[in-house]
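Dear colleague,

Please find below the structure that I promised to pass on to you, together with its sequence. My notes on what turned up in it follow directly after.

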Amino acid sequence: MTDELRHGEARPQDRPVLVVDFGAQYAQLIARRVREAHVYSEIVPHTITAAEVAERAPAGVIFSGGPKSVHVEGAPTIDDSIYDLGVPVLGICYGAQLIAAQLGGQVARTGRGEYGRTTLTVSEPDAVILADQPERQPVWMSHFDSITGPPPGFTPTASSPDAPVAAMQDVARRIHAVQFHPEVVHTPHGQAMLERFLYDVCGCPPSWTMTSIIDSSVSAIRAQVGDGRVICALSGGVDSAVAAALVHEAVGPQLTCVFVDTGLMRLGEGDQVVETFHRHQGIELVHVRAADRYFECLAGVTDPEDKRKAIGELFIRIFEEAAGGISDARFLVQGTLYPDVVESGGGTGASVIKSHHNVGGLPEDMDFELVEPLRNLFKDEVRRVGEELGLPAEIVWRQPFPGPGLAVRIIGEVTPERVATLQRADAIVREEIRAAGLEREIWQAFAVLADIRSVGVMGDERTYGHPIIVRAVTSEDAMTADWARLPHELLERVSSRIVNEVPGINRVAYDITSKPPGTIEWE
Ligand code: XMP
């Protein structure tokens, strides 16, 4: 049993493909594309040594894109003994230039970089990863320097107008390189090229499937917790839901879930959590109805940070009370995802909770060992695992929702009446987005209740009511976001339904601020 396997994460038996991160956010997308080809991949920093790579016994290594030039001072590099390991290597963009530079080729500033779509011309019929590809095809480029002379042993296999060596290979050493980005959707044949590398060059079987993820995760959880008791705080979100379902699959009745119903969730959401986990999945559930306590503690609180703090602290107290009732619990499930692991430097040791966490902040002095079955998975994989485990689509495809709930979407004081108003407006926004078939394209769509009032007219009556602000954003990871260009007819339906169906609301505004400078939430 490896060290990692003790921590309950999904990890297949196959040798991984390592994606080397040169620091420009390309690595995650490449790792996902590899997994879409059903090959398990892991991201490693470029500071990894050849010996460390050898220890992982990878089936192949992919160098990701990075900064624009290998000639820039301090440009990241990699231990060049990696080329002597006999492990297949694919260099992409910066990674291709690095291979050229390290193995004795020429990378030059030609004065003509290429950015965006360009045409690739395949010049070598025996190009392994370009096999069976159209001779001319669109690819996505983003480079300033170009490889002008391949290293000894390499054959150029394709070119583009401004990259004389847009692809090259050394078949004997199993080293391949492409200047363009095969991982992006704008390179339509890119996925096929990655698959040629994975299947034909690395000899990987396409065996990383949902079943293999679940099987390996279930055995890892069993190995970690033995016959110990496990608790899991359900938030109503996708990650904690799938993590709980996986642990339940592994150790059944040893799992108890705690669901703190804050009264600040979306319309019907609390009931749905109970329905899904308790009735359908048969998971033991401690359902804490805490709405009254939350409203009491939020009375008179209007400052956004004070609200968040009050909610977080109350959550800790309630969770402690509930967990105290499960006295022999030794393990705590967390829905940590792979991007969090990569971004925080990627440790694999057993961690004990020390600080705030995404379930809404947990006690600092709780002495649980963490079970993190999603530690190696991307969000889309978590959703597919959830589907495979029979969780309903409404939970699996649920949009992200902040821990403090609707409280951070109510400007000013949070009262039961204002929460009820916002829940109704929010339900309309989500219903209409769903009816328009846009739910999965949009990262988050919701309503915000403002504490200003404006004059309106309904029938013959003058109104003086509150506005609802509709916020809908597209995003890849919530770090940046753009406001969604929703069809006007959809906005019209949302506006007219909210004003007609939600008492006290007489105006609807649409938030057209991207992030940055705005944030996704209003508080
Ligand atoms: P912002 O508003 O910072 O939000 O652009 C980025 C993403 O994080 C979510 N969010 C939270 N999630 N606890 C959470 O679990 C929180 O306190 C919290 N605050 C914001 C937000 O919905 C968006 O997806």
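The charged end of arginine 440 sits over the ring of tryptophan 397, at 3.9 Å from the ring centre, where sitting over a ring requires NZ of Lys or CZ of Arg to be within 6 Å of the ring centre and within 35 degrees of the ring normal. Arginine 485 has its charged end placed over the ring of tryptophan 483, 3.8 Å from the centre.

Please keep in mind that this is a predicted model, in which local features need a pLDDT of at least 70 and side-chain atom pairs count only at pLDDT 80 or more, while totals for chains, interfaces and linings use all residues. Residues are numbered from 1 along each chain as its sequence is written, and side-chain values use heavy atoms, with hydrogens and water left out.

Aromatic pairs come next. The whole structure holds seven of them, a pair being counted when the ring centres of Phe, Tyr or Trp (its six-membered ring) lie within 6.5 Å, with planes under 30 degrees apart called stacked, over 60 edge-to-face and the rest tilted. Phenylalanine 22 and phenylalanine 63 make an edge-to-face pair, with 5.8 Å from centre to centre and 80 degrees between the planes. This pair links distant parts of the chain, since phenylalanine 22 belongs to the loop between strand S1 (17–21) and helix H1 (27–36) and phenylalanine 63 to strand S3 (residues 60–63), 41 residues apart; helices (H or I, at least four residues) and strands (E, at least two) are DSSP runs numbered from the N terminus. Phenylalanine 22 is buried, with a relative accessible area of 3%, and phenylalanine 63 is buried at 0%, where buried means under 20% relative accessible area, exposed over 50% and partly exposed in between, with a 1.4 Å probe and protein chains only. The rings of tyrosine 338 and phenylalanine 378 have centres 5.5 Å apart and planes at 80 degrees, so this pair is edge-to-face. Tyrosine 338 is in helix H10 (residues 338–343) and phenylalanine 378 in the loop between strand S16 (369–371) and helix H11 (379–388), so that the pair links distant parts of the chain, 40 residues apart. Both tyrosine 338 and phenylalanine 378 are buried. Ring pairs also link Phe22, Phe63, Tyr83 and Tyr94 into a cluster.

Helix H5 (residues 210–225) has 16 residues and reaches 22 Å from its first C-alpha to its last, close to the 22 Å expected at 1.5 Å a residue, the expected span being 1.5 Å times one less than the number of residues. Its buried residues include Met210, Ile213, Ile214, Val218 and Ile221, and the buried residues of H5 pack against strand S12 (229–234), helix H6 (238–251), strand S15 (329–333), S16 and H11, with contact meaning heavy atoms within 4.5 Å. Glycine 226, which follows H5, has a positive phi near 55 degrees. Helix H9 (residues 304–324), with 21 residues, should span 30 Å at 1.5 Å a residue, and its end C-alpha atoms are 30 Å apart, which agrees. Among the buried residues of H9 are Ile311, Leu314, Phe315 and Phe319, and what covers the buried residues includes S12, S13, strand S14 (284–289), helix H8 (291–298) and S15.

Cysteine 257 lies in strand S13 (residues 255–261) and is buried, with a relative accessible area of 0%. Leaving aside residues up to four places away in sequence, cysteine 257 touches Cys232, Leu234, Ala244, Ile283, Glu284, Leu285 and Val286.

Strand S19 (residues 461–474) pairs with strand S17 (residues 444–449) in the antiparallel sense over six bridges, pairing being called when DSSP finds at least two bridges between two strands. Here leucine 449 stands opposite isoleucine 468 in S19. Strand S18 (residues 454–458) is antiparallel to S19 over five bridges, and the two form a hairpin with two residues between them, where glycine 459 in the turn has a positive phi of about 60 degrees. Strand S21 (residues 505–510) runs parallel to S19, joined by five bridges, and histidine 466 stands opposite isoleucine 505 in S21.
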